[in-house]
Amino acid sequence: MSSTIMEIKKRYDEISYESLFKEHSRLIYKLIINFVKSRNINLHSSEIDDIYQEIALKIFKNDYISRYNAEKSSFITWLNIICRTTAIDYYRKKLRWMEAVLTDAHPHNSEGGLDTTLFSLPAGVLTDRQAEVVTLYFKEGLIACEIARKLGITSRTVRSIKSQALNRLRIHYGASAPLTETDGPRLSERRKAS
């Protein structure tokens, strides 16, 4: 056992998850933040907290404390590997969700594969109405006519708001450049063709 684990065992008479997280919560946060910064991953502080919670669940659920082997690695290396792999898993889930949103794929319910627990919109990017429409479409799984009925607007307006919101999200996440006039024929060119 590592000196860290032995010290926890001496202080608390046994190695418990509570004592592990009481002693090393700062270290875990630091490992997460260092990894995220080293990979230039832009995460909100609430997402860092989510990753921390997933690490705690992973250590508890898989009984990692009993499986720790000091001969294979130091305690900090062992903890760093758990933090790093959990952060990677979290980020990949988020990317899959964003890919589904940005490609304007038909929404899936949580039974269908899209993990709605990761549904979070970046603050300040969308208007309240855009956020409401996107949430109803992707998280609740409603279609345009259902959203229109719920909000008291037309289906066409819902589709327009959703399209504007997705464009803003694409720009925010750097998924594509905004459309410009050069992307299509100019008005003067269209008139000549007819």
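**Entry 1: the length of H6.** I began with helix H6, residues 128-139. Helices here are DSSP runs of H or I with at least four residues, strands are E runs of at least two, and both are numbered from the N terminus. The expected span is 1.5 Å times one less than the number of residues. For the twelve residues of H6 that should be 16 Å, and the end C-alpha atoms lie 15 Å apart, which agrees. I noted that this is a predicted model, where local features need pLDDT of at least 70, side-chain atom pairs count only at pLDDT 80 or more, and totals for chains, interfaces and linings use all residues. Residues are numbered from 1 along each chain as its sequence is written, and side-chain values use heavy atoms, with hydrogens and water left out.

**Entry 2: the buried side of H6.** Which residues of H6 are buried? I found Gln130, Val133, Val134, Leu136, Tyr137 and Phe138. Buried means under 20% relative accessible area, exposed means over 50%, and partly exposed is in between (1.4 Å probe, protein chains only). An α-helix has 3.6 residues a turn, so residues three or four places apart point the same way. Just after H6, I saw glycine 141 with a positive phi of about 75°.

**Entry 3: H6 against H7.** Two packed helices are described by the angle between their axes and the distance between the axes. I looked up the axes of H6 and H7: they come within 10 Å and cross at roughly 130°. Axes are lines fitted to C-alpha atoms, for helices over the stretch in contact, and angles run from 0 to 180 degrees between N-to-C directions. H6 and H7 are therefore oblique to each other. The cut-offs are under 35 degrees for roughly parallel, over 145 for roughly antiparallel, 65 to 115 for roughly perpendicular, and oblique for the rest. In H6, Arg129, Glu132, Val133, Leu136 and Tyr137 meet Ile147, Lys150 and Leu151 of H7. Contact means heavy atoms within 4.5 Å.

**Entry 4: H6 against H8.** Next came helix H8, residues 155-173. The axes of H6 and H8 come within 9 Å and cross at roughly 100°. H6 and H8 are therefore roughly perpendicular to each other. From H6, the residues meeting H8 include Gln130, Val134 and Phe138. Their partners in H8 include Val158, Ile161 and Leu166.

Entry 5: Most residues other than glycine have a negative phi. Asparagine 40 has a positive one, near 55°. It lies in the loop between helix H2 (17-38) and helix H3 (45-61). Is asparagine 40 buried or exposed? It counts as exposed, at 72% relative accessibility. Aspartate 63 also has a positive phi, about 50°. I found aspartate 63 in the loop between H3 and helix H4 (64-67). Aspartate 63 is partly exposed, with a relative accessible area of 34%.

**Entry 6: the whole protein.** I counted nine helices and zero strands. Buried residues make up 34% of the 194 residues.

**Entry 7: confidence.** The mean pLDDT is 76, and 71% of residues reach 70 or more. pLDDT is the predictor's confidence in each residue, from 0 to 100. Confidence is highest in helix H7 (residues 144-151), at a mean of 92, and lowest in helix H9 (residues 187-193), at 46. Over residues 177-194 the pLDDT is below 50, and this stretch has three contacts beyond near neighbours in sequence.
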